[in-house]
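Please go through the model below with the sequence at hand. The account starts from a single side chain and widens from there.

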Amino acid sequence: MANMKVVMKIQLATSTVLTAIETTGFFAPVVFILFHIIRQFLLIPVAVVCLAGGILFGTLPGSLYSVIGLTCASITFYFFSKLFPIFINRFVKMKEKWLGAYTNLSIMQIIILRVIPFVNFSLISLCILDKTKTFRRYTKVSFLTHIPSTLCFTCLGASIQTLSPLVIAGIVMMLLALIYFFREKQAFIKWSDFFVKEKA
């Protein structure tokens, strides 16, 4: 029953996205890419938009537009984090709560996290931001990590909706096991944290 409700919500969201973009005609690809950028502020799952892209444009064009759109969304997050530091505070707290303050994810771990639909998009972007030192490196890593998840959501999105909760749980457990397997074997701790001033 719960699975049916989730499927209905995904179908409704996908239908809404399709209707909104189809009305733009010739400019549909551009609107679709822009929709990926604003999607992160509307709390619409990445999988829903990628699935809509596959239905609208076909698997390969839809995947290409989604990779471009998601990369642009990551770039938007980058500039928001630099211009408005308060913007990422809640994601920093989320990272500390779920991943730990000093967790440094590997590229493979980030790729796997991107494939898990319910993992927050901006949280992963923050992990990439922490890992990379320059804008060019950040953009490159973001682009590369979007490719597998986009292909997965665009090609398999429709079939994923029909899977039972048990199968989905099994897939998620396997992905989590892979995340552990591909972990980096070192932790980074700020030097200043060794010298915390005593409270007066």
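Ser63 is buried, because its relative accessible area is 5%, under the 20% cut-off for that class. The model is a predicted one. Ser63 is found in helix H4, which covers residues 59–83. A polar atom of the Ser63 side chain lies 2.7 Å from the backbone oxygen of Thr59. Leaving aside residues up to four places away in sequence, Ser63 touches Gly58, Thr150, Leu151 and Thr154.

Another serine, Ser74, also lies in helix H4. Ser74 has a relative accessible area of 0%, and therefore counts as buried. Again not counting residues up to four places away in sequence, Ser74 touches Arg114, Phe121, Ser125, Tyr138, Ser142 and His146.

Two of these neighbours, Arg114 and Phe121, also meet in a charge-over-ring arrangement. Arg114 lies over the face of Phe121, at 4.7 Å from the ring centre. The charged end of Arg39 sits over the ring of Phe121 as well, with a distance of 4.8 Å to the centre.

The aromatic residues come next. How many aromatic pairs does a search of the whole structure find? The search gives nine. One of them joins Phe80 and Phe84: the ring centres are 5.7 Å apart and the planes stand at 50 degrees, so this pair is tilted. In general, the distance of the centres and the angle of the planes are what describe a pair of aromatic rings. Phe80 is partly exposed, with a relative accessible area of 30%. Phe84, at 45% relative accessibility, is partly exposed too. Elsewhere, Tyr78, Phe79, Phe135 and Tyr138 form one aromatic cluster; Tyr138 is also among the residues that Ser74 touches.

Helix H5 runs over residues 89–98, and its buried residues are Phe91, Met94 and Lys95. Why do the buried residues of H5 line one face of the helix? Seen down the axis of H5, they fall within an arc of 100 degrees, so they line one face. An α-helix has 3.6 residues a turn, so residues three or four places apart point the same way. The face of H5 turned away from the buried side carries the exposed residues Lys93 and Lys97. The buried residues of H5 pack against H4 and against helix H7, residues 121–131.

Helix H7 also holds Asp130. With a relative accessible area of 42%, Asp130 is partly exposed.

The local details can now be set in the whole fold. The protein has nine helices and zero strands, and along the sequence the pattern reads α-α-α-α-α-α-α-α-α. Of its 200 residues, 38% count as buried. Among contacts in the protein with a separation of 6 or more, 76% are between residues 24 or more positions apart. The accessible surface comes to about 12300 Å², and carbon and sulfur atoms account for 72% of it.

Terms used: Residues are numbered from 1 along each chain as its sequence is written. This is a predicted model: local features need pLDDT of at least 70, side-chain atom pairs count only at pLDDT 80 or more; totals for chains, interfaces and linings use all residues. Side-chain values use heavy atoms; hydrogens and water are left out. Helices (H or I, at least four residues) and strands (E, at least two) are DSSP runs, numbered from the N terminus. Buried means under 20% relative accessible area, exposed over 50%, partly exposed in between (1.4 Å probe, protein chains only). Contact means heavy atoms within 4.5 Å. Accessible areas come from the Shrake-Rupley method with a 1.4 Å probe; for residues, only the protein chains shown count as cover. A polar contact is a pair of N or O atoms within 3.5 Å; within protein, one must be able to donate a hydrogen and the other to accept it, and residues adjacent in sequence count only if both atoms are side-chain atoms. Rings of Phe, Tyr and Trp (its six-membered ring) pair if their centres lie within 6.5 Å; planes under 30 degrees apart count as stacked, over 60 as edge-to-face and the rest as tilted. A charge sits over a ring if NZ of Lys or CZ of Arg is within 6 Å of the ring centre and within 35 degrees of the ring normal. The arc is that of the directions from the helix axis to the C-beta atoms.
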